[in-house]
Amino acid sequence: MSSVSDDTDKYDFFVSYAGADNKDEKGRPVNFFLAQLEAAFERLFGRKPEFFSDKTDIGFGRDWGYILNHGMAASRFFLVFVSPHYLDCEMCRREWRAWIDKEIGRGTLGQGMWPIFVAHVDGWTNQAKDKLGDQEVAEKIAEWGKWSVSDTDYVASVSAVIKQLRSRNYVTAFLPFFSEGVNALRRNEMRGELEKLAKDFERQAHLVTAAVSSSENNVPPYSRYFSGRVDELNQLRAQLGSERIGVVSGIHGLGGIGKTELALTYAHAYAYDYPGGRFYVPCEHASGLQQAVLCLERDVNEINADIDDQERKDADALFAAIQRSMRKRLASKGRVLLVLENVTDIKLVSTEQTALLTGLGADLHLLFTTRLAPPLDSEKWLMLEEFSDTDALVLLEKHCPFTGDADRLAARHIVHRLGGLTFAVELIGAYLADTPESGYGVLADELGQEEGDDDLAAVVGQKRIVMRRHRHERRLSAALAIVLQNLSPPQRRALEYAALLPPDGVALPWLRELVGRDFTQALRPTHQIADPWRNLLDCLFRRALLRPGQDGSEQEPKVARMHRLLQGLLLRYRSENDRAVWQWGLDKLIEERLAALQVGAIPEANRWEVQSLAALAQLWADRQHPQAALLLDAAALRLHDLAAYSEAEPLYRRALAVAEANHGAQHPEVARNLNNLARLLEDTRMLQEAESLYRRALAINETSQEQPHPNVSISLNNIARLLQATDRPQEAELLYRRALEINEACYGLWHPSVVASLGNLAQLLAGIDRLQEAERLIRRSLEITEATYGPQHPNTAQDLGSLAKVLQAAGRPQEAGPLYRRALAIDEAHYGSEHPAVAMRLNDLAQLLQAAKQVKQAGHLFRRALEIAEASLGAEHPGSVTLRNSLADTLRFSRRIFMLGLIWMFVIGVVAGVIAWQVMPGSQHMGWVKAGALGIAGSFVGGLIARLLSKPAEGSSVHLVGILLSIMGAATALVLYGYLGGHQGNL
């Protein structure tokens, strides 16, 4: 049997039963059953299964810990023998709950438990007249076990087990065995049932293992402290299990209830049912489903590889490509789940929107979470309520086990005080686990009694929601006060800065830098603590104040998650002056990071940071930060430069909207945002809208500022570039010349600000073969640049490259080559040898060499340029793709030249051999075929010698020295053959 995970190889079954059902006086029926099942396995599969079962009644303490940590972890299936004794036994119910957790963690919820009834349970039967509800059966078990029916903890615990066992495919075929005795299992029909059971085990193991191992995902890590909510998981499973097209489900409720954790746990728990993959899609700020799912192109490698560069330039084309890739995935792998987290625009879950994806087939499931009320036409939405007291107690005990009745009583008080608010219960549980010396009793006293706990039953509508939200915040505040009081000042400061960052994108390197500035000594290594920052971070993770992000498995995680309720409370805890100081520190850091992440020079290792900047920009816009528009624009510029067009566009558009709201529609800042958005639209071939935005920016700059003004020149240049790209050179030239005149009027004829206009006009003129005019303009530009910045400045390199291109186009490669090389040397000295600017220079020089048929040198430069581009821009960046194609062309051309050389040697060999055969005395006896073959051999040897003595011009298919030596080699081969042949004849 294949294992579900690496730790499940040792045992096939964890056997769970009540000791009272396996007494000596009954013939040890559980042991006998297992022996018969073992025999059935051996008959069918030629091997014996491995069982893990306790030999005595399980008690509290070390034995239970051993079973939980070793037995269950090493078992594939949970074989449970159900009876009144079993349901009555607290330790058996604990085993059941522990196995449910194990199934969820393995992604096999509902597939690893096999309930076998060994005794009749009153009210369990499916016959309508006898069947009782779960709680009614639990109450009967309480009466049978002589418990008080009023013991709500006991009844709730038994009821939960009953409900879950009833949802499984339980087996009643073996009831006669336990009523009639062990000999009943020897009957043929019982042997048949045992073999059927063994076959079911084997088949199920293979199916589940294959499905789980193939289910790709980008879902944040599973929380091993997830508790309760099994009913809700089953409800979601039933809602999403329909085979009809268009199935959508959702979870809604107030903050802190656990919506996101439930959705993520569903994605982990049912991994076996989604072999096509499970993917997390953050939806905050998304106004449409198409915009939200575009992140899959970045986050899912297989989808990314299935999309070409041209499709990435247009949001509609990119979405269509994602649909195509998803359809292919559904067909080849099977069912797919998308978890769409934190929907903030309810239109996103409308039928019109969801049909964009559900139309791909019934095997694509959508699961949303939102704090908003679901749409009126929603059929399958789960309203998540507060934790039940029973589930909350289980969660606390998972974190910090009870040592006795006093702990349990104190825990009940804590649960009641926190009112079933999942996040608050988790905070207290994590705190107790990390500070066991605190104890349940002490903590219960610290929490005290909640005041004003009015009954909400009589309150209706929005007022009830507001009251519940207020109560939740009050309860969380009480829990948080206890947790925070035992944190060190650096730990608290890390949380306070984290509260200023996006909840799903808390950039941990930023936190480290900020905390280090405020506490200069705290993060320095000591003899006791080698890495104080990691120590600080681990504490915050242990106490559930932060959670690992999607890269949480890394040695050094870059991003963490923080609960939104926690962020709000942390910000309200401190004075406005404190918050202003922290915000100032963050603002300064962001300025520094933007300067460090220069456009065009963002290494692969820092791509995550651009995503964090984008998320922070959205948060600043939400919180009406005065620099929101600037950060939105700056983050969009960096995404734009990385060719992440679909992510950059919504940031550009929001930056424009914020600028318009802050400054009015006619402000120069608005013109700047219009220009940047239009540039992206131009790059993605949305030219009509781009031109409209450029012209609107021009109108703003012409009317809002004194004329002539440099901003007008910028707008003119932008429009002219677009006109040039759409084959309207005459219109473009007029605008370029007008822009040049404005800059000359504003700055003077020889000012560096004139250089850009000179270059743009020169490029246009070069494109329409007016090369002499273009050359004059670029030489003037170069003269200005060298005089202003010096001969070793990158701006000088830019003009040198432009001049070289014009000279190359004019058929003057000897003049162009030295200019390209000089520009390359300047950029290498200024930026370093691994900068994208260097890749561009290498590409230019390689193109020149390839045109001159110097393919070997060109190939070397293309290869080096590609390595730089892939390292700095990414393998899928348009620049990298272009370089990869150029290198491929060069390699194909090189192979073509090599093959032509071989063909030349072959032809020369045949001709030389045949001629020698005709003219050389004594060679006529060998025949023309043998003569040709000898000629070819001699030609190849002669050609190789020629290449060693005198290499042909690179790219040349004809080598005169090679031809002469090939002829001589062919003739020599025939002479030697004739000589040797003659001697052999004389022997």
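Buried here means under 20% relative accessible area. The model is predicted.

**Figure 1. Buried residues of helix α17 and their cover.** Helix α17 spans residues 389-399. Its buried residues are A392, L393, V394, L395, L396, E397 and H399. Several helices cover them, including α4 (90-106) and α6 (152-167). The cover also includes α18, α19 (422-434) and α20. An α-helix has 3.6 residues a turn, so residues three or four places apart point the same way.

**Figure 2. Packing of helices α18 and α20.** Helix α18 comprises residues 405-418, and helix α20 comprises residues 440-447. Their axes come within 8 Å and cross at roughly 30°. Angles under 35 degrees count as roughly parallel, so α18 is roughly parallel to α20. The crossing of the two helices is left-handed. On the α18 side, the contact is made by D407, A410, A411, H413, I414, R417 and L418. Helix α20 contributes Y440, G441, L443, A444 and L447.

**Figure 3. The aromatic pair Y11 and F52.** The ring centres of Y11 and F52 lie 5.1 Å apart. Their planes stand at 75°, so the pair is edge-to-face. Y11 belongs to strand β1 (residues 11-16), and F52 to strand β2 (residues 51-53). The pair links distant parts of the chain, 41 residues apart. Y11 and F52 are both buried.

**Figure 4. The aromatic pair F77 and F201.** Here the ring centres are 5.7 Å apart. The planes of F77 and F201 meet at 35°, so this pair is tilted. F77 sits in strand β3 (residues 75-82), whereas F201 sits in helix α8 (residues 188-214). These distant parts of the chain are 124 residues apart. Both F77 and F201 are buried.

**Figure 5. An aromatic cluster that includes F77 and F201.** One aromatic cluster is formed by F13, F41, F45, F51, F77 and F201. With rings paired when their centres lie within 6.5 Å, the count comes to 17 aromatic pairs.

**Figure 6. Arginine R237 over the ring of Y270.** The charged end of R237 sits over the Y270 ring. It is 5.6 Å from the ring centre.

**Figure 7. Arginine R780 over the face of W750.** R780 lies over the face of W750. The distance from the ring centre is 5.4 Å.

Technical notes: Residues are numbered from 1 along each chain as its sequence is written. This is a predicted model: local features need pLDDT of at least 70, side-chain atom pairs count only at pLDDT 80 or more; totals for chains, interfaces and linings use all residues. Side-chain values use heavy atoms; hydrogens and water are left out. Rings of Phe, Tyr and Trp (its six-membered ring) pair if their centres lie within 6.5 Å; planes under 30 degrees apart count as stacked, over 60 as edge-to-face and the rest as tilted. Helices (H or I, at least four residues) and strands (E, at least two) are DSSP runs, numbered from the N terminus. Buried means under 20% relative accessible area, exposed over 50%, partly exposed in between (1.4 Å probe, protein chains only). A charge sits over a ring if NZ of Lys or CZ of Arg is within 6 Å of the ring centre and within 35 degrees of the ring normal. Axes are lines fitted to C-alpha atoms, for helices over the stretch in contact, and angles run from 0 to 180 degrees between N-to-C directions. Angles under 35 degrees count as roughly parallel, over 145 as roughly antiparallel, 65 to 115 as roughly perpendicular and the rest as oblique. A crossing is left-handed if the near helix is turned anticlockwise from the far one by less than a right angle, and right-handed if clockwise. Contact means heavy atoms within 4.5 Å.
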